[in-house]
Amino acid sequence: MINFNLKSQLSWREIAVRTAFVVVTVAAIVWFMPRPSEINFKLEKGKPWSDADLTAAFTFPVYKSDDAMEMERAERMKDFVPRYNFDKSVGAHQVALLRQKLDQMPVEYANQMKVSLTSSLGDIYKREIVDDHDSLIEKGIQAVKRIEGFSEQNIRVQQLLTPRQAYELLLDAPSVRRYADILQELNLNEFIEPNMIYDSEENEKILDDLLYVYPKSRDVQVGEKIISHGDIVDEDTYQVLKSYLKEYRKHHSSGETTLTILGKILYVFIVILLFTIYLGIYRKDYFDKLRSACMLYALIIVFLLLTSLMVSHSLLHVYILPFAIVPIFVRVFMDSRTAFMALSTVVLIAASMLQHPLEFIAVEMVAGLAVVFAMRELSSRSQLFWTAIIFILASTATHFALFLVRVGDMHQFNHKELIYLLICGLIVFCAYPLLYVVEKTFGFVSDITLVELSNTNKELLRKMSEVAPGTFNHSVQVGNLAAEVARRLDANAQLVRTGALYHDIGKIVNPIYYTENQSGGISPHEHLSYIESAQFIIGHVTEGLKMADKHHLPRQIRDFIATHHGQGKAKYFYIKYKNEHPDEPVDDLLFTYPGPNPFTKEQAILMMADAVEAASRSLPDYTEQSIRTLVERLIDSMVSDGFFRECPITFRDIQYAKTVLIEKLKMLYHTRISYPEALKE
């Protein structure tokens, strides 16, 4: 039965760390979540509505379109009669100016022309002269209102004169025409001015009243369905949606309400808290290794920030975001169950930012589960390709199935969302470089990296095969044994195999001091004291760590080098020294490996396989009983010495390991039958 009383089992430091993860994650997500006024719709006139069914959350007016309002204004302009003030003083003033001009002419002409010209000009000014005649015609205005004192009179636009028409009319007067030669000197055009003055103030008031078009055509009541998923967005619906979006932004222009913010905080907190509780109950070791917890919460934050960015700015479609990368990364570096929980956390929070959350949850969860099943392990790039294919098939099939359930009309199917899912699948396939980034950022090591490291053409392994061939063969055999045990115990077989290849690289420095590299029965230890010999043997661990640092091997591989002997002793020389110095105190540290003892299941497996494989070479005969006795003795000795106290391996696991090692050694050292010789005649 699961004990949910976690507080009593956790230290204050552990509680503080987990609380910090929850608080920081919730704060980052809520801060960047889209504001209500930022929510946009993809409005495409004449296209099917791709979002969920939309119902009015409040009563709002439907505004007329710009074209409709412009047409209504144009229609009303036909009824507009602009007001012009008729100014008699303009004509009197211009006649007086003409008279003064004529007074300056020679006498023989002035007396003859004065009466004719001034009389004709006075007659012209009895007519209405305007300077915007053409503009009135362009606007479609049929008449103007002539204001003179308290009298008003409508004048047809065709009856109005422009200054040019008035001038031409003056020249055509019979009393003026006979003075045509002299008129060139007078320039009568100077004496033509408009006497109809546009009353801008009054006309502006009239236009404001006339051209004001009430923008609202009708009201949509709260709870009224606006559009259903798959319906065609016609002209009327398009205007309703635009009006709803406009009013929605207006309602939230002053910012979010306190209750809205609290709702976001509460929802995100609940989901993140449940994810944290899962880790605390089932994967407590991830909090012990902070890099694991950091990667999990960082993935959640990054993908939710990307979702917020796309929703806030209406960028493409949320289906284009590769949420499947979350379970891929978690599965590669951790386990399947945590991958599913991380995916669920991201999808549930992201859905709260969308207009059609249920369809999004269904598509992403099905596709994510398919990815988790496909990513049993990642040991080659081709697996990422097939994972992307499986993601595309699962997501598109789910999306199509939901469309058939909800709409059932192939004519309304939106192919754009399928295109987005295909693009997302391509992004998933191209996520391989991100694996390397995550690996280096958080200190993980992927199976692909392990496969690359286990290539025997690598510099260190090639050098070991040349300088210390016995050690190299021993490492290969240990890798085979350890990998088989790891597979039976549900451990990381590839990690154990790669660690086994590198666990003895320190022997490259002085290969002759190790029996597997000696030939001809000559040993340099014959000329050394037991303490000196022990130091040479122990030194391969420290030398191996130096070489691992120099060649930038991952930390996990360096841990195999440090722990494959744990804090055990170089027993051969330790026992020899004690036997020859029975009465002297022995400094155990001189014969003890630096350690530490194994602290992972994989390290414990390697320790067992290493000891068993090395000792099996000294067996006088390879029978089932001798092999079983050897394996039982060596592993029981490790258990009694406490080498496995700090690693998560059970007695059941150890018993399974014994069985596998015995079976593998029996197969490795099986005896062959003797072939008979032919009798001589």
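The following questions and answers concern a predicted model of one chain.

Student: How many helices and strands does the secondary structure of the chain come to?
Tutor: The chain has 681 residues, of which 46% count as buried. Its secondary structure comes to 29 helices and eight strands.

Student: Among contacts between residues at least 6 apart in sequence, what percentage join residues at least 24 apart?
Tutor: The contacts in question are those in the chain between residues at least 6 apart in sequence. The share of them that joins residues at least 24 apart is 76%.

Student: Is C424 buried or exposed?
Tutor: Buried means under 20% relative accessible area. C294, at 33%, is partly exposed. C424 has a relative accessible area of 0%, so C424 is buried.

Student: How many disulfides are there?
Tutor: A disulfide needs a pair of cysteine sulfur atoms within 2.5 Å. By this rule the count is zero.

Student: Why are the buried residues L460, L461 and M464 on the same side of α21?
Tutor: Helix α21 spans residues 459–467, and L460, L461 and M464 are buried in it. They lie on the same side of α21 because the arc they cover around the axis is only 95°.

Student: Which residues are exposed on the other side of α21?
Tutor: The buried residues of α21 are covered by elements including α20 (447–453), α22 (469–488), α23 (493–502) and α24 (530–550). Exposed means over 50% relative accessible area. On the other side of α21, the exposed residues are E459 and E466.

Methods: Residues numbered from 1 in each chain as written. Predicted model: local features only at pLDDT ≥ 70, side-chain atom pairs only at ≥ 80, totals over all residues. Heavy atoms only, no water. Helix = DSSP H or I, 4+ residues; strand = E, 2+ residues; numbered from the N terminus. Buried < 20%, exposed > 50% of the residue type's maximum accessible area, 1.4 Å probe, protein only. Contact = heavy atoms within 4.5 Å. Arc of directions from axis to C-beta.
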